[in-house]
Amino acid sequence: MPPASPRTARSQIGLNLAAGGPLGAIYEVGALCALDEALVGIELTDLDVYVGVSAGSFIAAALANGISPREMYRIFITNEAKDIPFEPDQFLRPAYREYFRRAMGLPELMFDAFWDFITRPREVGLTGAMMQLAHAIPTGLFDNSEIDRFLTRVFTSGGRTNDFRALRNKLYIVATDLDTGRSVKFGEPGYDHVAISKAVQASSALPGLFPPVEIDGDHFVDGALKKTLHTSISLDEDANLVICVNPIVPFDSRLAATGHPDSRDRLMQGGLPVVLSQTFRSIIHSRMRVGMQRYAEAYEHADIVLFEPSHGDQEIFFSNVFSYADRENMCEHAYQHTREDLRQRADLLEPILAKHGVRINHEALEEERWLSQKAYHHYWRKFDDRPQPDAGIDKLYHTLNQLDQWLQTRR
């Protein structure tokens, strides 16, 4: 267990990290590196409540175990941590056991389908009989058991812990019970006996990509199925200030106009995957915004500060959500965007943070800082070559976001 550190008297502070696949986790590491440098008065490894959903559960569990954002950057992004070797491909191995188990049941399914069609042709029909073969389709493409094994090694070494009950501060990992559809908070009484690594595996089991995770006879899948951030968990734990990081936002082509006539058609040109990505992002982001408005009314004593990408960020949107490639540059992108976001919203954020004993380090934000020299060259090369968005629309969108957050604070 990480050693206790002296705490100054201040408000209860919670951190909620949303889903987003591997890209989302990479974005959150970069954003947290920026927040760790810029926010004075708090330590991101010593907050009162941590809540992680899906990809965010990796990061939340690491922070609760005393692993700083910079250390996560060295472990997961650059592979510089010699004591914790990390290879992204280990999480993308085919689920051979699931394939084999489903294949073994195929002969019986084929016989049942054939028998139903022969004995009840009018009732079942050929299509209905063949639908029984759907039971042979694997529930996931990749084996997520390596998540549990890898995190077990990390959390059982270096003075860390894989037990919720041994942590200094509260940690909640959210997953969805497949059989009931309800959200489950691993880390609360009744579910705190489950290993943190196993809870993270369950919370990040995105249906279709990873098989459901069995825990105590029940099956669990991705925690984002019900809510995006689950901010209410921190608020119910009496957090007065909740910092939220959400890496998934819908894309607004007006903020990334290239000047070409077909620039607005880029989503359609991307085909079904891009259309589905935009649909998925729009649904979860709209759901999150509605939740934020409700929290502002139901928890008047608390303040919620949200950090997320720009809606016109082409680099974030058109990257493969489940790809680990080029993760160093993507993490740098998130780091720089969050620093700029803090500079632009400083007038709005400073009064809110000051109520909770937190201030913004403007000197750090004004310094030219980079997570790595490699990313520095790559980032500016892409930035210089890329057509710039319409500055007027971008400024208007930012102003509207500030007004929306100010209204929520006033409410």
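Residues are numbered from 1 along each chain as its sequence is written, and because the model is predicted, local features need pLDDT of at least 70 and side-chain atom pairs count only at pLDDT 80 or more, whereas totals for chains, interfaces and linings use all residues. Side-chain values use heavy atoms, with hydrogens and water left out.

The chain holds 17 helices and 10 strands, where helices (H or I, at least four residues) and strands (E, at least two) are DSSP runs numbered from the N terminus. Of its 411 residues, 52% are buried, a term that stands for under 20% relative accessible area, with exposed meaning over 50% and partly exposed in between (1.4 Å probe, protein chains only). Among the contacts in the chain with a separation of 6 or more, 79% are between residues 24 or more positions apart, a contact being heavy atoms within 4.5 Å.

Two strands are taken as paired if DSSP finds at least two bridges between them. Strand 8 runs parallel to strand 1 (residues 13-17), to which 5 bridges join it, and it also runs parallel to strand 9 (residues 303-307), again with 5 bridges. Within these pairings, N16 stands opposite C244, G14 stands opposite V242, and I243 stands opposite V305 of strand 9.

Strand 1 has 5 of its 5 residues buried, so it is largely enclosed by the rest of the structure. On one side of strand 1 lie I13, L15 and L17, on the other G14 and N16, and all are buried. Strand 1 is also joined by 4 bridges to strand 3 (residues 49-53), and these two strands run parallel; here G14 stands opposite V49.

The side chains can be followed next through the nonpolar cores, each a set of buried Ala, Val, Leu, Ile, Met, Phe, Trp, Tyr and Cys residues joined through side-chain atoms within 4.5 Å. The largest nonpolar core has 79 residues, and those with the most contacts inside it are L32, L35, I59, L63, L171, F186 and I243. Helix 1 (residues 21-38) gives the most to this core, with 11 residues. A second, separate core of 12 residues includes C244, M288, Y299 and A302. In soluble globular proteins, nonpolar side chains tend to be buried together. Leaving out residues up to four places away in sequence, F186 touches F164, L171, Y172, I173, A175, Y191, V194, A199, A202, I215 and F220.

Helix 1 also packs against other helices. Its axis and that of helix 2 (residues 55-64) come within 7 Å and cross at roughly 40 degrees, the axes being lines fitted to C-alpha atoms, for helices over the stretch in contact, with angles from 0 to 180 degrees between N-to-C directions. The crossing of helix 1 and helix 2 is right-handed, that is, the near helix is turned clockwise from the far one by less than a right angle, anticlockwise being left-handed. In this packing, G21, A25, E28, V29 and L32 of helix 1 meet A55, G56, I59 and L63 of helix 2. Helix 2 is itself mostly covered, with 10 of its 10 residues buried, and just after helix 2, G66 takes a positive phi of about 85 degrees.

The axes of helix 1 and helix 13 (residues 327-344) come within 7 Å and cross at roughly 45 degrees. These two helices are therefore oblique to each other, since angles under 35 degrees count as roughly parallel, over 145 as roughly antiparallel, 65 to 115 as roughly perpendicular and the rest as oblique. This crossing of helix 1 and helix 13 is right-handed, and among the residues that make the contact are Y27 and A34 of helix 1 and H337 and L342 of helix 13.

P309, in the loop between strand 9 and helix 12 (314-317), counts as buried because its relative accessibility is 3%. Leaving aside neighbours within four places in sequence, P309 is in contact with Y27, N246, P247, V249, I316 and H337. P309 and D341 are 32 residues apart in sequence and 9.0 Å apart in space, C-alpha to C-alpha.
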